[in-house]
Amino acid sequence: ELFMTLLKVVQLCEKLRSSWVKDSSTRLRYILNSEEAPSQLSFDVDYTTPSLTPDLDFSSVISDAIVCCSGGDRHTTLVKRILTNAQDSNEEHTRQNSNFSKDERTTKAKTKDILPQHYNSVLRSVSSNDELLDCLSWQSLMVANGQETYLSLSEQPFFIDSVDQLHELQDALTSLVGAEETLHGFISFDTEFTTLGEETILATFQLSVLSESKCLKSWVIDLLRSDDRYQLTCKHFLQWLFLENEAFLLGFSFNHDIKLISSYIAQEIEVNGRFLDLQLICAQFMSDGARSHLPGLQSSCSFFTRSIMHGGEQWVLSKEFQCSDWARRPLSTDQLAYAGLDAAVLLVLLASIVR
């Protein structure tokens, strides 16, 4: 009961890598090892001070906390997964730190060489079409909504949950995009996922293109509908998109997405010259030569919109619905708008970088 009280706040934070995990776990270990453990947790007491707890190794603290997750209920399972992720992240951070050079020139060289070879040639080709670049301006996502200054789509994404709609979408994409290195030849994509027991599964797949009318079009595909024919059609569509068609595929930190999609279609997706990870491209512009981490999508959008606002209002990509319930059906209007925007904004971000 004490353990669940202490870490109750993490139930909806599965996607986060938060600094409180270390402190909370250290407090937990102190309380569990204390002969006079308090009956109730008080956040007014700092259990992590040197006078109250020994100098504990982070990995051992997390390991002890994981052992305490002996229950089988959903909340306990979720807590255990978060603590395990924290432990893995700490070990990776320790490993990376041991490899970091103190020579700043080495750090800058690593940042400079981060892009795969084909990225620069594709970006140069895209830059040759000023008309298409102008269609994908940040102003297209700066839709007035009362006093809020959040980026948003001018029209709601299309929700796909039938076999006929999937066939129509594939036909539309086939006629629109091809192997040309212009923004018409790009399909941006993203996913939302949920948990089934201890397994992470896809809930939606969203994609966006620049239409023939030079407007952004977005679709959100339901991947949870329990219909065998529909599920088979979804798998065939994703196999076509990732393994057969010749369009450029634009994502943001998409390794986890690709892993989940590969599992969904039961076929390994090879990340080749058709794929561009915008996170790597943004890092080239946002790096100060000292940072060791890659930027997130929200901070990347803020960085590039700031350059056109000239000290005015800052438009922000909201992440409010990132951790919402993506297994619910029907999805809310806000969830659909969020999912569609996360795909569409990648095309605008790419055009901003190229400009």
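Trainee: What makes the pair formed by the side chain of Ser300 and the backbone oxygen of Gly296 a polar contact?

Mentor: In this predicted model, a polar atom of the Ser300 side chain lies 2.8 Å from the backbone oxygen of Gly296, and because a polar contact needs a pair of N or O atoms within 3.5 Å, the distance meets that cut-off.

Trainee: Why is Ser300 called buried?

Mentor: Ser300 has a relative accessibility of 0%, and since buried means under 20%, the residue therefore falls in that class. Ser300 sits in helix 12, which covers residues 297–309.

Trainee: Which residues does Ser300 touch, if its neighbours within four places in sequence are left aside?

Mentor: Ser300 is then in contact with Phe252, Cys282, Met286, Pro295 and Leu349, where contact means heavy atoms within 4.5 Å.

Trainee: And how much of the protein chain counts as buried?

Mentor: Of its 355 residues, 44% count as buried, and the chain as a whole, which has 13 helices and 6 strands, exposes about 18,700 Å², with carbon and sulfur atoms supplying 48% of that area.

Trainee: What makes up the lining of the second largest pocket, by class?

Mentor: The lining has 9 nonpolar, 7 polar and 4 charged residues.

Definitions and conventions
Residues numbered from 1 in each chain as written. Predicted model: local features only at pLDDT ≥ 70, side-chain atom pairs only at ≥ 80, totals over all residues. Heavy atoms only, no water. Nonpolar A, V, L, I, M, F, W, Y, C, P; charged D, E, K, R; others polar. Helix = DSSP H or I, 4+ residues; strand = E, 2+ residues; numbered from the N terminus. Buried < 20%, exposed > 50% of the residue type's maximum accessible area, 1.4 Å probe, protein only. Areas by Shrake-Rupley, 256 points an atom, 1.4 Å probe, with all protein chains shown as cover. Polar contact = N/O pair within 3.5 Å; in protein donor to acceptor, adjacent residues only side chain to side chain.
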